Amino acid sequence: MPPAVPRFSSAASSDQGFVRPNNEDRVYCDDDRGFFLVVDGMGGHEAGEQAAEIAVERIRGRLERQTGSAAQRLREAIALANNAIYEAARERSEEHTS
């Protein structure tokens, strides 16, 4: 008989707080794979919610591809998210200076 695999059941909640009119935080829960992600939006920074959205999208996309170990996938996911956020910020900066 194979060893029992722990099953997770998750839930997430976030609150915008009293300072901002929108909630820039993002969460992602993958109970089947055991990945849980909380991205704190860049409150007060231009397009902070976009950075959080990009982070979740890139990290989730990489973690869902079952190549490499979990640790390798996590390192790559964070690097991909960082690079995508940096590129989006650079493009946005160029748009505002043109």
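User: Which residues does V39 touch, not counting residues up to four places away in sequence?
Analyst: In this predicted model, V39 belongs to the largest nonpolar core, and that core also includes A52, A55 and V56. Leaving out residues up to four places away in sequence, the residues that V39 touches are E24, D25, R26, A52, A55 and V56.

User: Which element gives the most residues to the largest nonpolar core?
Analyst: The core has eleven residues, among them Y28, F35, L37, I59 and L63. Strand 2 (35-39), helix 1 (48-64) and helix 2 (70-97) are the elements that each give two or more residues to this core. The most, five residues, come from helix 1.

User: Is R62 buried or exposed, and which side chain makes a polar contact with the side chain of R62?
Analyst: R62, which is found in helix 1, has a relative accessibility of 3% and therefore counts as buried, the cut-off being under 20%. A polar atom of the R62 side chain lies 2.8 Å from the backbone oxygen of T67, and R62 also touches residues including R73, A77 and L80. R62 is thus buried, and the side chain with which its own side chain makes a polar contact, at 2.6 Å, is that of E76.

User: Which backbone nitrogen does the side chain of D30 reach?
Analyst: D30 lies in strand 1 (residues 26-30) and is buried, with a relative accessible area of 8%. Leaving aside neighbours within four places in sequence, D30 is in contact with F35, F36 and E64. At 3.3 Å, the side chain of D30 reaches the backbone nitrogen of D32.

How values were computed:
Residues are numbered from 1 along each chain as its sequence is written. This is a predicted model: local features need pLDDT of at least 70, side-chain atom pairs count only at pLDDT 80 or more; totals for chains, interfaces and linings use all residues. Side-chain values use heavy atoms; hydrogens and water are left out. Helices (H or I, at least four residues) and strands (E, at least two) are DSSP runs, numbered from the N terminus. Buried means under 20% relative accessible area, exposed over 50%, partly exposed in between (1.4 Å probe, protein chains only). A polar contact is a pair of N or O atoms within 3.5 Å; within protein, one must be able to donate a hydrogen and the other to accept it, and residues adjacent in sequence count only if both atoms are side-chain atoms. Contact means heavy atoms within 4.5 Å. A nonpolar core is a set of buried Ala, Val, Leu, Ile, Met, Phe, Trp, Tyr and Cys residues joined through side-chain atoms within 4.5 Å.
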